[in-house]
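Student: Could we go through this structure together and ask what stands behind each label?
Tutor: Gladly, let's have a look.

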Amino acid sequence: MRKVLLFLLVLGVIGAGVGYYMYNKPVASLEKKKADIEATSDEIITAYEADEKAADGVYLGKVVQVTGKVSAVTEQEGTKKILLETSNPIAMIICEMETGTETGDVKAGDVVSVKGMCTGYLSDVILVQSTLVKK
Amino acid sequence: MKNLIVFALLFSVQIAIGQKYFSKTGKISFYSEAAMEKIEGHNTSASTVIDAATGAVEWGVLIQGFKFEKSLMQDHFNENYMESSIYPKAKFKGKIDNLATVTFSKDGQYNVNVTGTLEIHGVTKTVTTPAVITIKGGMVSAKSKFAVALADYKIEVPKLVAENIAEKVNIEIIADYQLMNQIP
């Protein structure tokens with residue numbers, strides 16, 4: 001009987017520990033996560049401009065690896081963004097980089113692959129928690 | 001030739017629309033302060049346009065782009081409350097009520113009221129909020145603070161966590177605008 005109680009107690013402590021850990025877990029990095037889908041910046045913007053709802057069905061909330069030509073690299077209050085050109089001169093794929101991510105020597109004109117979670121379309125398509133994909 | 005077309009397009013758009021200001025780096029933060037827990041989320045990629053000629057104001061933000069301190073907060077926010085896979089955006093479309101008090105060509109801090117429709121979680125409501133437009137050296141920035149009652153937008157909080165989530169959430173928005181014809 002005592003053994004059973006002890007067992008239950010240990011189980012309870014472990015449960016509470018796991019619960020506490022889960023409760024406080026920070027947002028996980030996507031760096032090691034495999035992309036759900038790969039596409040070029042043109043493919044993504046074309047899909048969104050044709051049918052936003054259908055494109056959301058494909059990309060929204062997914063880890064997307066996008067390849068495109070860099071239009072600009074910006075930094076504002078510690079948030080870095082890599083903007084990728086698309087076939088539409090005024091629409092971009094805006095990749096909000098994961099906090100602390102280095103963008104190294106990436107500059108306008110480079111062709112790069114970026115992996116991030118697609119949050120949808122606001123005249124641009126926006127990816128968050130992005131990281132550069134090493135070639 | 002392509003450059004020429006783009007140039008012609010931008011030029012013609014500019015004539016048609018007059019002075020418009022836009023930002024794609026608008027910041028929207030929300031703060032839920034309940035008895036048991038404080039929760040905040042931040043988004044730094046909101047889109048916004050102000051039309052200086054008509055006073056029209058628009059904002060758009062993607063719900064899944066809000067960042068949180070804890071993973072569970074982000075999951076619950078998206079899945080349980082905002083249902084962001086069904087309603088991926090929040091939008092505001094309105095007008096500056098007292099546009100005449102703002103001189104876009106003159107430095108200053110202008111207090112305005114903005115009235116329009118706010119769409120969150122698929123529910124659209126008419127709202128009015130005070131805002132401040134600041135003009136400094138030709139640069140336009142704007143900010144506003146207002147509160148949103150979750151029940152108004154059919155965001156249901158289970159009784160079990162009622163102590164953790166405020167019934168009214170405070171929202172702060174801020175943006176530094178650029179003139180529309182300066183699109184890179």
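Tutor: Keep in mind that this is a predicted model. Let's start in chain B, where B:Ile50 has B:Val57 of β3(B) as its bridge partner.

Student: What makes β2 and β3 of chain B a pair?
Tutor: Two strands pair if at least two bridges are found between them. Strand β2 (residues 38–51) and strand β3 (residues 56–62) of chain B are joined by four bridges and run antiparallel, so they meet that cut-off.

Student: Which closed arrangement do these strands belong to?
Tutor: In chain B, eight strands form a closed barrel in the order β1-β2-β3-β4-β5-β6-β7-β8, with antiparallel pairing. On average, neighbouring strands of this sheet are turned by 25 degrees against each other, direction ignored.

Student: Now chain A. Why is A:Lys69 called partly exposed?
Tutor: A:Lys69 has 16 C-beta neighbours inside 10 Å. Buried would take 20 or more, and exposed 12 or fewer; because 16 falls in between, A:Lys69 counts as partly exposed.

Student: Where is A:Lys69, and what does it touch beyond four places in sequence?
Tutor: A:Lys69 sits in strand β2 (residues 63–76) of chain A. Its contacts there are A:Leu84, A:Glu85, A:Gly109 and A:Val111. A:Leu84 lies 15 residues away in sequence, with 5.4 Å from C-alpha to C-alpha.

Student: How many residues take part where the chains meet?
Tutor: The contact involves 26 residues from chain A and 21 residues from chain B. On the chain B side, β1 (20–33), β2, β3 and α2 (71–81) each supply at least two residues. That side has seven nonpolar, 10 polar and four charged residues.

Definitions and conventions:
Residues numbered from 1 in each chain as written. Chains lettered and ligands numbered in written order. Predicted model: local features only at pLDDT ≥ 70, side-chain atom pairs only at ≥ 80, totals over all residues. Axes fitted to C-alpha atoms, helices over the stretch in contact; angles between N-to-C directions. Contact = placed C-beta atoms within 7 Å. Nonpolar A, V, L, I, M, F, W, Y, C, P; charged D, E, K, R; others polar.
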